[in-house]
Amino acid sequence: MKKQIAFIGTGGTIASLGDGPFDIQDYGRLGQVMDAATLLARWPEAAGVASVEPIAFRAIPSTAIGPAEWLELRRVVNEAAARGVDGIVVGHGTATLEETAYFLHLTAAGGAQPPVVLVGAQRPSSALSTDAGMNLANACRVAGDPGARGLGVLVAMNDEVHAAREVTKTHTARLQAFQSPDFGALGQAEADAVHWYRRPLRPPGDFDVSGLAALPRVDIVPCYAGADGTAVEAFLRAGAEGLVLDGFAPSGGTPALMQALRDAPVPVAATTRAGGGRVVETTRSRAAELIPADNLNAAKARVLLMLGLTRTRDRAELRTLFERY
């Protein structure tokens, strides 16, 4: 029997239509974004690998998806899971896909959910050699595969399966844009079956956001040669309850920026702009009470800090969360 898969459509490139086969960059100007049912009708091959139920959520670019949409999407995912489906696929634009995936991964409170797989496309459904149809069908296959259970939220792109915590977009246009820089893919969706090669050790999160109307504000502070405390001061005035340093490699920032972070009255997580590797604690970062974000990039460290702040403002307790997740 075919697996029962819920497909939640949020829009994005995978659901977009351009004005011709070569319109692969500027299609967004048209605003033609299909809902979940229309997208599945355009790619009936998905129905060949699973029994797919469309669930309309949004039909927008992922640049318009943020914390408010994450909270609502988590509720929709929970409702689909409660119906006893074998798996859940979320169609999503690639701009913020990795952040939404990590949020859903961290908020799987209760644990026993079916596999949740996010999928997008680098080329719209109308383009020549679009990856939309294959990615969609493969995501449905992955969501229904027994090997996907217990791995947390996954991302299926370009015939590969990645862990939500590890995957990031590494190219603006190429089909192989989504990579897991330090560790590689978990598995591959091949023609015969989904093949698995490793399992992530970091567990899904148990943050319960069911009663939240909003998440704490956390902003990302960029680091560059000559950076001072201007951005830090502006974010604090705007109401930031936490900050993330997107610092030099291997870690840290300019003297002026480090001083501003040391003076900030909010928790600060430290990441590196290098694109790979762990943040190593140093004498300067310890003096500034920065929380090492391990190998999370700045965007994902922001997601974890936002959720961590729903539990505690204590920096030692927040540090424990970064060590665990």
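A crossing of two helices is left-handed if the near helix is turned anticlockwise from the far one by less than a right angle, and right-handed if clockwise. In this structure, helix 9 passes helix 10 in a right-handed crossing. The model is predicted, so local features need pLDDT of at least 70 and side-chain atom pairs count only at pLDDT 80 or more, while totals for chains, interfaces and linings use all residues. Residues are numbered from 1 along each chain as its sequence is written, and side-chain values use heavy atoms, with hydrogens and water left out. Helices (H or I, at least four residues) and strands (E, at least two) are DSSP runs, numbered from the N terminus.

**Helix 9 and helix 10**

- Two packed helices are described by the angle between their axes and the distance between the axes.
- Helix 9 (298-308) packs with helix 10 (residues 315-324) at an angle of about 135°, and their axes are 10 Å apart. Axes are lines fitted to C-alpha atoms, for helices over the stretch in contact, and angles run from 0 to 180 degrees between N-to-C directions.
- Helix 9 and helix 10 are therefore oblique to each other. Angles under 35 degrees count as roughly parallel, over 145 as roughly antiparallel, 65 to 115 as roughly perpendicular and the rest as oblique.
- Helix 9 contributes Ala301, Leu304, Leu305 and Gly308, which meet Leu318, Leu321 and Phe322 of helix 10; contact means heavy atoms within 4.5 Å.
- By class, the residues of this contact are 6 nonpolar, 1 polar and no charged. Ala, Val, Leu, Ile, Met, Phe, Trp, Tyr, Cys and Pro count as nonpolar, Asp, Glu, Lys and Arg as charged, and the others, Gly among them, as polar.

**Helix 3 and helix 4**

- Helix 3 (residues 67-82) packs against helix 4 (residues 97-106) at about 55°, with 10 Å between their axes. That angle makes helix 3 oblique to helix 4.
- The crossing of helix 3 and helix 4 is right-handed.
- Trp70, Leu71, Leu73, Arg74 and Val77 of helix 3 make the contact with Glu99, Thr100, Phe103 and Leu104 of helix 4. These divide into 6 nonpolar, 1 polar and 2 charged residues.
- Thr100, in helix 4, is buried, with a relative accessible area of 0%. Buried means under 20% relative accessible area, exposed over 50%, and partly exposed in between (1.4 Å probe, protein chains only).
- Leaving aside neighbours within four places in sequence, Thr100 is in contact with Ile65, Trp70, Leu73, His92 and Leu118.

- An open sheet of 4 strands runs in the order 11-12-13-14, with parallel pairing; two strands pair if DSSP finds at least two bridges between them.
- Strand 11 (218-222) and strand 14 (291-292) are at the edges with a single partner strand each, so one side of each has no neighbour in the sheet.
- Strand 11 and strand 12 (residues 242-247) run parallel and are joined by 5 bridges. Asp219 has Leu243 of strand 12 as its bridge partner.
- Helix 7 (residues 255-263) packs on the sheet and touches strand 11, strand 12 and strand 13 (268-272); its direction makes about 160° with that of strand 12.

**Backbone features in loops**

- Ala249 and Pro250 are joined by a cis peptide bond, with omega about 5°. Pro250 sits in the loop between strand 12 and helix 7.
- Glu289 has a positive phi of about 60° although it is not a glycine. Glu289 belongs to the loop between helix 8 (283-287) and strand 14, and is partly exposed, with a relative accessible area of 48%.
- Asp294, also not a glycine, has a positive phi of about 55°. Asp294 lies in the loop between strand 14 and helix 9 and is buried, with a relative accessible area of 16%.
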